[in-house]
Amino acid sequence: MLKKNELVTLEITDVTNEGNGVGRTEGITVFVPFTAVGDVIICRIVKAKKSYCYGITEKLLISSKSRCESGCEAYGKCGGCSLRHIEYSAELEIKEKIVRDAFERIGGLSPDFEPIIGASRVKKYRNKSQFPVGTDSSGRVIAGYYAKRSHRVIPIESCPQLPDIFLSICADITAFANENGIKAYDEQTGKGLLRHIFIRRGEYSGEIMAAVVVTSLNCKEKFKPLAGELSKKYSELKSFILNENDSGRNVILGQKSEALYGSETIKDKMCGRELSISLNSFYQINTLQAEKLYAKAQEYAALTGSEALLDLYCGAGTIGLSMADKVKKLIGVEIVSDAVKNAKENAELNLISNAEFICSDAGEAAKLLYSRSEKPDVIIADPARKGCTPDTLKYMAQMNPERIVMISCNPATAARDCAALEKLGYITQRVQAVDMFPRACHVECVALCQGQK
């Protein structure tokens with residue numbers, strides 16, 4: 001058994017879903033962050049268990065052919081990226097393998113796997129960022145990213161994944177807080193006012209929404225001057241929102257908001273559709289890759305114009321509305337009321353009259369639609385990372401659609417759900433991995449589950 005602080009020589013032979021390199025010695029698996037397949041390292045054990053250990057690189061003896069410079073001063077400190085130390089081509093291979101392993105090992109499935117769709121742009125691709133706010137050693141307000149597996153804020157002055165204007169606005173907000181005695185929220189004591197800074201930009205419109213998350217909306221007079229300053233400095237700013245989160249829970253946004261400048265929404269386009277997006281609406285972070293993902297989902301849906309399409313977890317309606325002109329009827333389901341409002345607005349914006357949107361939990365809506373004898377020909381589901389509930393899957397299958405298209409940001413739960421659908425009569429035929437988050441370890445996938453007649 002290995003011991004803490006013991007030094008061992010390791011060859012890295014694999015990479016985990018979290019981006020950690022994997023090596024083995026004395027029959028024990030050792031996980032080492034920021035390593036690449038082909039690295040040979042001297043590793044210091046920092047956490048020792050009977051069958052596995054965690055280590056850090058003490059010395060790089062042989063460098064992997066896929067290694068490269070990270071191009072980021074904060075890499076290894078903040079928890080935003082985990083694969084910046086390897087070439088992008090190697091990153092895509094890892095992500096393709098993550099999806100394949102999930103469906104084969106977790107799901108026990110054997111679909112046809114299509115080559116991963118890589119990103120045409122690996123820098124400055126994020127259309128949204130949420131900066132946690134904290135206090136540095138001198139008592140000044142700072143904003144940035146959390147260090148990995150912690151809530152310690154690492155201040156960020158530059159980030160290869162973000163538009164430069166995001167960092168500029170963030171810096172202006174923290175400077176305003178420091179100049180006006182506004183304190184950062186402290187999770188331990190529950191004191192302080194400013195919790196998060198939220199910034200979103202339309203990929204095609206360029207419109208920007210900025211929001212500050214505070215513990216009480218009663219402070220709005222404090223932030224009105226900031227709204228005025230930012231609106232004068234940034235012509236792209238169309239919305240400045242104060243959002244209240246007074247809970248002690250680990251969530252970013254609260255349910256109460258007030259626009260101090262401009263509108264409560266910004267406009268953008270996706271898949272050629274005009275969109276209205278609110279603060280609480282789900283909207284894919286990488287617009288260009290999302291369009292590729294939705295195009296693949298549409299291909300799997302194989303719509304001819306005569307179908308009824310059910311879009312579960314529809315958010316602001318982006319997926320379903322992109323296919324509305326190819327179906328007879330569209331029903332979208334989403335639990336976030338603001339997103340449903342946006343979806344209805346988006347249907348009107350695009351003169352779409354064959355769409356209905358329901359504000360409901362996906363499982364309850366599936367049950368309701370089944371009780372109404374609704375017979376969707378195709379169901380598209382894009383759940384959160386935890387995937388679908390067993391009841392949701394059951395009622396999806398009982399509605400007897402010809403095809404179910406599963407979209408997921410978590411291949412493990414997608415594989416689990418597809419395996420459950422297989423038991424309900426839907427065979428997973430094709431799976432496509434799509435890289436939505438270059439330089440991070442997350443990967444999206446879309447699966448075609450075909451009903452058996």
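Q: How do E8 and E9 pair?
A: Strand E8 (residues 128-135) and strand E9 (residues 141-146) run antiparallel and share three bridges, where pairing requires that DSSP finds at least two bridges between two strands. Strands here are DSSP runs (E, at least two residues), as helices are (H or I, at least four), numbered from the N terminus.

Q: Which residue of E9 is the bridge partner of Thr135?
A: That partner is Val141.

Q: Before going on, what kind of model is this?
A: This is a predicted model, in which local features need pLDDT of at least 70 and side-chain atom pairs count only at pLDDT 80 or more, while totals for chains, interfaces and linings use all residues. Residues are numbered from 1 along each chain as its sequence is written, and side-chain values use heavy atoms, leaving out hydrogens and water.

Q: What's the strand order in the open sheet of seven?
A: The order is E10-E9-E8-E11-E12-E13-E14, and the pairing is mixed.

Q: Why is one side of E10 and of E14 left without a neighbour?
A: Strand E10 (153-155) and strand E14 (256-262) are at the edges and have a single partner strand each, so one side of each has no neighbour in the sheet.

Q: New topic: at what angle do H1 and H9 pack?
A: Helix H1 (residues 88-106) and helix H9 (residues 411-423) pack at about 35°, with axes 8 Å apart; axes are lines fitted to C-alpha atoms, for helices over the stretch in contact, and angles run from 0 to 180 degrees between N-to-C directions.

Q: Which residues of H1 meet H9?
A: Among them are Ile98, Val99 and Phe103, with contact meaning heavy atoms within 4.5 Å.
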